[in-house]
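Here is a short briefing on one protein chain. Keep the sequence and the 3D view side by side while reading.

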Amino acid sequence: MTSGILINLGIFLVAAVVIGIVGTRLTRLADRLADKTGLGEAIVGAVLLGGSTSLPGIVASVSAAWGGHAELAVSNALGGIAAQTAFLAIADAVYRRANLEHAAASVPNLMQSALLVVMLAQPILASSAPAFTLLQIHPISILMLATYSYGLRLIAQAKEKPMWGPRRTNETQMDDDEEELSGSSSLTSLWTRFALYALILGVAGYGVAQSGINLATLTGISESAVGALFTAISTSLPELVTAIAAVRQGALTLAMGDIIGGNSFDVLFLAFSDMAYRQGSVYHAITQRETFLIALTILMTTILLLGLLRREKYGIANIGLESFLIIVLYLGGALFLVTVR
């Protein structure tokens, strides 16, 4: 048993390191693609970067659901959202000029936060409703995909024709095209490299998922705790690395869009897991721990949204009050999951 734990722990750590290294390289590519395609940092950060860095989590949740491990699949998705929101507080601490909520406030990021809250409410509705499925897929999974697509459309429209926006200050970083970031590489070359890195992330995510399942079995730790803390944090490493890298490059809107947009995409892990889960509706396999995680992520996201609206310029230890509260909530939630059975 000891050798099995060590082998799986080794696979887990190697895969996590690969995720962290490859995730770092995606940031500059995403920023350059945002400039070359004209899509803007908020949209590219939410859809392209957020979706690509979420690939390890998708693979982890879907493969766990396919194997019948519903708790691990759900807790990995929800734990990843909570962890990535806490990562924003770390990125806030890295940016020294002002609070990130102040400098990176934008209409797309505000709308992404609202979309995330809407999507997080849907799994609770599904788990409270009758366990009805169509071809073993709960209707809420289709609704979640439609909600995400429609939300992205609204965000894109708001970017093109905003009806209002946050007041610009000396510390506000606007999403402006930067020629020095776009470089001389062709668009085809950038897309090819981006796809290659995304593929590597997906393979590493599978390694994290399988080793995580084995560690839960061998150690006796609950799948909820393993998913919410170990696999979720490991598969979310690209978001941490890319957020910090983007902040250091001054691409604040990209950093915020990567986390918030990636979180909205991560809710879709539940829809994909529901499609892969063959024992019925994955939402009705949700335990009290997963319900706690949903409530925690809604609370953390709402606090972040309030921070983007309030736009405190300076705060505690160079981070905003909202970032401080998010860290406290995340650490408290992690302690709850580890200690309460």
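The model is predicted. The protein chain holds 14 helices and 0 strands. Of its 341 residues, 55% are buried.

**Overall fold**
- Read from the N terminus, the element order is α-α-α-α-α-α-α-α-α-α-α-α-α-α.
- Take the contacts between residues at least 6 apart in sequence: 86% of these join residues at least 24 apart.

**Helix 6 against helix 12**
- Helix 6 spans residues 107–128, and helix 12 spans residues 252–276.
- Their axes come within 9 Å and cross at roughly 15 degrees.
- Angles under 35 degrees count as roughly parallel, so helix 6 and helix 12 are roughly parallel to each other.
- The crossing of helix 6 and helix 12 is left-handed.
- Helix 6 contributes Asn109, Gln112, Ser113, Leu115, Leu116, Met119, Leu120 and Pro123 to the contact.
- From helix 12 come Thr253, Met256, Gly257, Ile260, Gly261, Asn263, Ser264, Val267, Leu268 and Leu270.
- By class, this contact has 10 nonpolar, 8 polar and no charged residues.
- An α-helix has 3.6 residues a turn, so residues three or four places apart point the same way.

**Helix 3**
- Helix 3 covers residues 55–66, which is 12 residues.
- From first C-alpha to last, helix 3 reaches 16 Å, close to the 16 Å expected at 1.5 Å a residue.
- Buried positions in helix 3 are Pro56, Gly57, Ile58, Ala60, Ser61, Ser63, Ala64 and Ala65.
- Gly68 follows helix 3, and its phi is positive, near 90 degrees.

Definitions and conventions: Residues are numbered from 1 along each chain as its sequence is written. This is a predicted model: local features need pLDDT of at least 70, side-chain atom pairs count only at pLDDT 80 or more; totals for chains, interfaces and linings use all residues. Side-chain values use heavy atoms; hydrogens and water are left out. Axes are lines fitted to C-alpha atoms, for helices over the stretch in contact, and angles run from 0 to 180 degrees between N-to-C directions. Helices (H or I, at least four residues) and strands (E, at least two) are DSSP runs, numbered from the N terminus. Angles under 35 degrees count as roughly parallel, over 145 as roughly antiparallel, 65 to 115 as roughly perpendicular and the rest as oblique. A crossing is left-handed if the near helix is turned anticlockwise from the far one by less than a right angle, and right-handed if clockwise. Contact means heavy atoms within 4.5 Å. Ala, Val, Leu, Ile, Met, Phe, Trp, Tyr, Cys and Pro count as nonpolar, Asp, Glu, Lys and Arg as charged, and the others, Gly among them, as polar. The expected span of a helix is 1.5 Å times one less than its number of residues. Buried means under 20% relative accessible area, exposed over 50%, partly exposed in between (1.4 Å probe, protein chains only).
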